[in-house]
Amino acid sequence: MTQTTASPDDTGAEVRAYSSREHHLGAVFEAVLTRGPLSRRDAARLTGLSAASVTKLVKPMISHGYLIENVREAGVPGRPQIPLQVDASRHHAVGIKLMDGEIVGVVADLHAEVQSAHRMKYRDTTPEGVVSAIDEMTGILLQRTPVKRERLLGIGIGLGGHVNGATGVVVESPFLGWHDVPLRRLVVERMNLPVVIENDVNTLAVAEQWFGAGSSFPSFALVTIGVGVGCALVLDGQLWRGVSGAAGEFGHMVVDPEGPECHCGKRGCLEAVVGDAAIAGAMSAAAGRRITKVSQVVARAHAGDLDAQQVFTQAGLALGRAIAALLNLLNPPLVILSGEGITASDLFIDALRAELDRDAFSTTAGDCTVLVRPLPDETWARGAAATMLRHGVLRSLSRLTQQVQS
Ligand SMILES: [Zn+2]
């Protein structure tokens, strides 16, 4: 068996484009991972490749232990098919969701099943302080599992803001007050393990794509609401990052040029109209006294306070208008709505759907399922681990391409 664990400096280079053969290997592997156990015939059907190509592609994946052959399927007519599945214990990764003052971490196997999880506070928001907290978190997680550090494929880190996964640089992170911090390099230097960094909503989208509501859709959008408004796009099976990782900055679409100021410097961004601070601000204005927590507004609305209900109706309309623009642009079959703000979804979803039906072009609203999905912080961290697993496995598989017969 060859050494397939990536070395730490592997992730220091710019992410390069994969060749079509690497792409096919990755597609077959992901099909077996997300839909397996799977016969070669079904893998061919799901990937659009020929059965002969799939047979050639899986050979090195079996000989290197990424895939294992299951017992024969009984009772299937025609030639017996041997289902393939991924060897879950072959690789593990740490996934981290970095939040304001708090970190959530998990260790996940190759099926992205969580082996251990931990949550801890941190105070020092300097790059050095955050790297120390990530190091401490990894140590605690590993103490709680039999997974050896040498068997770790690496660490996936998700955080809010403009994160350039290709260069490993946090371009802008308002909650940390960071600008152009080379976080990936700093963590690699400290921990001597491969590292990927990614916008946290993107990591959640990877979680949904691999083992969540997005697994049966080639394309979908994920919109998160809460303190901020985030968005991730999976298009034809690929996470769409844009040229510098800033794709999906849906929260900074201007929906009301006369609206409240946004922390980004503009006025009337979606986030400044429907984010937590905006909800509390609108309620304060209506009530004539300062209200700081969204939970108070939710409680008032549930108790029948018409002003509070109106605050959520207005937020639903603004969200609906913005999501209609997303439908007009992408015509997706699925929009997943998540984030801590959806605890109030019963108060705004009707207004959102009505506005979507009014604003979206032609059949785009009817074509799209809008799904409200509560996803805990651990799922975001699990997605960060899945992002690392995907990156690491695809790199390892790319080394196997020389062994695929042409
Ligand atoms: Zn803004």
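This is a predicted model: local features need pLDDT of at least 70, side-chain atom pairs count only at pLDDT 80 or more; totals for chains, interfaces and linings use all residues.
The zinc site comes first. Four side chains hold the metal: His-252 through ND1, and Cys-262, Cys-264 and Cys-269 through their SG atoms, with the ion coordinated at 2.0 to 2.3 Å. The angles among the 4 donor atoms run from 106 to 119°, and the site is tetrahedral. Read along the chain, the donors of the zinc ion are spaced as H-x9-C-x1-C-x4-C. His-252 and Cys-264 both sit in the loop between strand E13 (238-239) and helix H7 (270-274), so this pair ties together parts that are 12 residues apart in sequence. As for solvent, His-252 has a relative accessibility of 17% and counts as buried, because the cut-off for buried is under 20%. Cys-264, on the other hand, is partly exposed, with a relative accessible area of 37%.

Next come the helix pairs. Two packed helices are described by the angle between their axes and the distance between the axes. Helix H8 (residues 276-287) packs on helix H10 (residues 306-330) at an angle of about 140°, and their axes are 10 Å apart. H8 and H10 are therefore oblique to each other, since an angle has to be over 145 degrees to count as roughly antiparallel. The crossing of H8 past H10 is right-handed. On the H8 side, the residues that meet H10 are Ile-279, Ala-282, Met-283 and Ala-286. Their counterparts in H10 are Asp-307, Ala-308, Val-311, Phe-312 and Ala-315.

A second pairing involves helix H1 (residues 20-35) and helix H13 (residues 377-400), whose axes come within 9 Å and cross at roughly 130°. That angle makes H1 oblique to H13. Here, too, the crossing is right-handed, with H1 passing H13. H1 brings Glu-22, Leu-25, Gly-26, Phe-29 and Glu-30 to this meeting, while H13 supplies Arg-390, Val-393, Leu-394, Leu-397 and Ser-398.

H13 also holds Ala-381. Leaving out residues up to four places away in sequence, Ala-381 touches Gly-95, Ile-96 and Lys-97, along with Val-104, Gly-105 and Val-106. His-92 lies 289 residues from Ala-381 along the chain, and the C-alpha atoms of the two are separated by 13 Å.

Ser-338 belongs to strand E14 (residues 334-338). With 0% relative accessibility, Ser-338 counts as buried.

The remaining residue is Ser-132, found in helix H4 (residues 127-143). Ser-132 has a relative accessibility of 28% and counts as partly exposed. Ser-132 and Val-187 are 55 residues apart in sequence, and C-alpha to C-alpha they are 8.7 Å apart in space.

Methods: Residues are numbered from 1 along each chain as its sequence is written. Side-chain values use heavy atoms; hydrogens and water are left out. Donors are N, O and S atoms within 2.8 Å of the metal (3.2 Å for Na, K and Ca); water is not among the atoms, so sites may look incomplete. Four donors count as tetrahedral if all angles lie between 85 and 135 degrees; four count as square planar and six as octahedral if opposite donors are over 155 degrees apart and all others between 65 and 115; anything else is irregular. Helices (H or I, at least four residues) and strands (E, at least two) are DSSP runs, numbered from the N terminus. Buried means under 20% relative accessible area, exposed over 50%, partly exposed in between (1.4 Å probe, protein chains only). Axes are lines fitted to C-alpha atoms, for helices over the stretch in contact, and angles run from 0 to 180 degrees between N-to-C directions. Angles under 35 degrees count as roughly parallel, over 145 as roughly antiparallel, 65 to 115 as roughly perpendicular and the rest as oblique. A crossing is left-handed if the near helix is turned anticlockwise from the far one by less than a right angle, and right-handed if clockwise. Contact means heavy atoms within 4.5 Å.
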